[in-house]
Amino acid sequence: MKNVTVKKALVAACVTLAGVSGFNCTTMAQTPSVDYSLSIKHQKDAIANDVSRVKYQQQRVDAIKEKRKQERANGTVTKATTTSLSKAQADLKRERDYLKADKLSLMLQHKAHVAAHKSNVRAQQRVLLAERRNLDADLIKGNNAAIAHTAAIIETRKQIASEQKKLRAAKIERNSDLLAVNKQIGDAKG
C-alpha cells in the first residue's frame with residue numbers, strides 16, 4: 001500500500017515539476033517524421049521493372065504461340081516448341097507474381113505512411129485535449145498565469161491542421177500511385 005501512495009506522490013510531483021518548469025507537452029506529441037518517399041520511390045521503380053518484364057514475357061509467349069500456329073499449319077509440330085511455350089508461360093506467371101508482390105509492398109508502404117500521419121494527428125489531438133482541460137481547470141481556480149498556455153494550445157491546433165493536410169496529401173498520393181500502377185498493369189496485361 002505504501003508503494004502505491006509513494007508512486008502516486010512521485011508521479012504527481014513530476015507532473016507538477018514539469019508544469020512549473022514550463023515543460024511544453026506539445027514537444028512530446030511530435031513524432032519524428034519518417035521519410036517514406038524513398039521506399040515508395042523504390043517500390044515504384046520495382047513495379048515499373050516488373051511491368052516491363054511482364055510485357056517482355058507476354059511478347060515471348062505470343063511469339064512462341066505464333067510459331068506453334070505456323071508449325072501446325074505446316075504439319076510439323078515439334079516438341080521443342082511446346083516445351084519452350086510451357087517454359088515461357090511459367091516465366092510469365094513468375095513475373096506476374098513478382099509484380100503482384102511488389103504492388104502489395106507498395107500498398108503496405110503507403111498504408112504505413114498514412115498510419116504514421118494518423119497516429120501523429122491523434123497524439124496531437126490528445127495533447128490538445130489535455131492542455132485545454134488544464135487551462136479550463138486553471139481558469140476555474142482563478143489562475144490568470146494559465147492564459148499564457150493558450151499560445152501552446154493555438155500552436156498545437158496549427159500543428160494538428162498541418163498534420164491533417166499531410167494526411168490528406170498522403171492519401172491522395174496513395175490513390176494516385178495505385179491508379180497509375182493499376183493502369184500500367186492493365187496495359188501490360190498483368
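Predicted model: local features only at pLDDT ≥ 70, side-chain atom pairs only at ≥ 80, totals over all residues.
Residues are numbered from 1 along each chain as its sequence is written, and side-chain values use heavy atoms, with hydrogens and water left out.

Leu104 sits in helix 4. Together with Met107 and Leu108, Leu104 makes up a nonpolar patch on the surface, and the three share about 260 Å² of accessible area. Patch members have over 30% relative accessible area and no salt bridge; like charges are joined within 9 Å, and nonpolar side chains (Val, Leu, Ile, Met, Phe, Trp, Tyr) within 5 Å. A salt bridge here puts a side-chain nitrogen of Lys or Arg within 4 Å of a carboxyl oxygen of Asp or Glu.

Now step back to the whole chain. Five helices and zero strands turn up in the chain, giving the pattern α-α-α-α-α along the sequence. Helices (H or I, at least four residues) and strands (E, at least two) are DSSP runs numbered from the N terminus. The chain has 190 residues, and 26% of them count as buried. Take the contacts (heavy atoms within 4.5 Å) between residues at least 6 apart in sequence: 85% of them join residues at least 24 apart.

What about the inside? In soluble globular proteins, nonpolar side chains tend to be buried together. In this model, the largest nonpolar core has 15 residues, and Ile47, Val51, Leu99 and Leu106 touch the most other members. Helix 3, helix 4 (79-141) and helix 5 each contribute at least two residues to this core, and helix 3 gives the largest share, six residues. Apart from this core there is another of five residues, including Leu128, Leu135, Ala146 and Ile153. A core of this kind is a set of buried Ala, Val, Leu, Ile, Met, Phe, Trp, Tyr and Cys residues joined through side-chain atoms within 4.5 Å.

At 5% relative accessibility, Val181 is buried. Beyond its neighbours within four places in sequence, Val181 is in contact with Ile47, Lys103 and Leu106. Val181 and Val51 are 130 residues apart in sequence, yet 9.1 Å separates their C-alpha atoms.

Gln43, in helix 3, has a relative accessible area of 11%, so Gln43 is buried. Setting aside neighbours within four places, Gln43 is in contact with Asp102, Ser105, Leu106 and Gln109. From Gln43 to Leu106 is 63 residues along the chain but 5.6 Å between C-alpha atoms.

Which residues does Asp50 contact, leaving aside its neighbours within four places in sequence? They are Tyr98, Leu99 and Asp102. Asp50 belongs to helix 3 (residues 37-74) and is buried at 1% relative accessibility. The side chain of Asp50 also makes a polar contact with that of Arg53 at 2.3 Å; such a contact is a pair of N or O atoms within 3.5 Å, where within protein one must be able to donate a hydrogen and the other to accept it, and residues adjacent in sequence count only if both atoms are side-chain atoms.

Conventions. Buried < 20%, exposed > 50% of the residue type's maximum accessible area, 1.4 Å probe, protein only. Areas by Shrake-Rupley, 256 points an atom, 1.4 Å probe, with all protein chains shown as cover.
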